[in-house]
Amino acid sequence: MSVALDPSPSAAGTAPFPWDAVWGQDEAVETLRAAASDPAALAHAWLITGPPGSGRSTLAYAFAAALIADPGDERAQQQVLARTHPDLTALRTEQVVIRIDEARRLVERASFAPSLGRHRVIVVEDADRMAERTSNVLLKALEEPPEKTVWVLCAPSDADLLPTIRSRVRVLRLREPTVADVAALIVERTGVAAEVAEESARHAQRHIGMAQRLATDDDARARRAETLDAVLAVRGIGDAVDVAGRIVRLATDDAKALTATRDEEERRALLRMLGVAEGAAVPPSVRGQVNALEDDQKRRATRSLRDGIDRVLTDLQSLFRDVVMIQYGRESDLVNGERIDALRALAAEWTPARTLGVLDRISVTRRNLEQNAAPLLALESLMITVANGSAP
């Protein structure tokens with residue numbers, strides 16, 4: 001069963017704790033509040049779908065808090081939101097895909113009765129990152145869940161999951177906020193100038209988290225601008241190869257900026273827990289634990305880089321989508337309106353068919369990267385299409 005939500009704008013703070021952090025999804029909050037308070041409205045498995053940045057995971061954890069804690073027990077609800085309550089099992093993979101052993105651990109945890117709360121809740125933030133074999137591990141648990149266990153899966157759309165999974169969950173589709181909605185939220189949260197918030201919301205294509213980062217991080221905005229300027233300047237094969245390399249370097253820098261501080265904090269915390277003084281050599285007896293942490297961080301860095309390149313592809317889609325819009329005489333609602341002169345020049349130089357061919361190639365590049373193609377080679381192929389209008 002699917003629930004379609006009213007697309008009318010709404011604001012955060014219209015519902016009580018723990019729902020007050022959910023922004024712009026009043027209809028979804030109403031549906032899940034009713035489910036948490038009425039056993040007749042509660043399905044044993046839910047799939048929350050919506051575009052990146054729409055607040056899927058925020059809503060999932062608010063729902064978990066309402067299911068696990070007694071009404072009014074804010075202490076228990078805070079534990080759930082902090083991911084520390086024993087009756088919550090949460091999975092947000094730091095890797096490219098969810099591993100099958102992670103799925104098996106979820107299924108095992110799902111079989112336990114709640115220890116303190118009213119329900120046991122399993123939240124999977126990245127359900128779209130499950131391969132078919134991994135998804136099949138969940139099927140039996142979703143078919144025959146224990147009475148007090150509730151699954152909450154999150155994904156961009158229900159099409160990202162196998163039909164066998166979709167048939168066993170209740171789908172709740174979130175509304176997509178407008179640029180104005182997101183800009184207003186960014187101003188409220190960060191205090192940045194309204195024009196910066198609007199540009200960031202537009203460039204992030206309404207992704208709340210990315211819009212907030214662009215609005216508050218000068219380096220992130222500069223990397224995006226440098227990438228688009230470089231692609232607009234591609235005219236030959238030499239340019240294509242050079243720009244592909246530059247994109248990978250910029251994405252790598254962006255990934256490092258996101259993970260470096262966290263990696264160092266995790267290492268220091270682990271060494272403190274193991275009793276190793278700061279600056280001291282790591283004893284052989286604990287080196288295995290340190291190496292395991294470093295391996296996890298390397299896998300996270302790989303995902304962060306691929307996510308960064310995916311964001312670049314999203315930016316390039318917006319760029320060439322703007323060119324097509326101009327070619328068909330529609331200059332309103334451009335994502336990159338501040339580049340209007342360069343966009344008009346490219347729109348005049350290219351045919352619409354060539355622009356659409358580049359957009360198709362961006363989609364092919366994304367699929368190739370999902371299948372573990374080498375990022376540099378995939379981007380070189382894309383940039384060659386930008387340079388000469390045909391796939392290599």
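**Exercise 1. Find how many bridges join strand E4 to E5, and follow the chain between these strands.**

Step 1: In this predicted model, strand E4 (residues 120-124) runs parallel to E5, and 5 bridges join them. Strands (E, at least two residues) and helices (H or I, at least four) are DSSP runs, numbered from the N terminus. Two strands pair if DSSP finds at least two bridges between them.

Step 2: Look for Val124, which stands opposite Leu153 in E5.

Step 3: From E4, the chain passes through helix H5 (residues 132-143) to E5, a β-α-β crossover that is right-handed. That term means that, with the strands pointing away from the viewer, the path from the first strand over the helix to the second runs clockwise.

Residues are numbered from 1 along each chain as its sequence is written. Local features need pLDDT of at least 70.

**Exercise 2. Work out in which sense strand E2 and E5 pair.**

Step 1: E2 (residues 45-49) pairs with E5 in the parallel sense, over 5 bridges.

Step 2: Thr49 stands opposite Ala155 in E5.

**Exercise 3. Decide how many residues of strand E5 are buried.**

Step 1: Buried means under 20% relative accessible area, exposed over 50%, and partly exposed in between (1.4 Å probe, protein chains only).

Step 2: In E5 (residues 149-155), 7 of 7 residues are buried.

Step 3: Thr149, Trp151, Leu153 and Ala155 point one way, while Val150, Val152 and Cys154 point the other way.

**Exercise 4. Explain why Ala342 counts as partly exposed.**

Step 1: Find Ala342 in helix H13 (residues 340-349).

Step 2: Ala342 counts as partly exposed because its relative accessibility is 36%.

Definitions and conventions. This is a predicted model: local features need pLDDT of at least 70, side-chain atom pairs count only at pLDDT 80 or more; totals for chains, interfaces and linings use all residues. Side-chain values use heavy atoms; hydrogens and water are left out.
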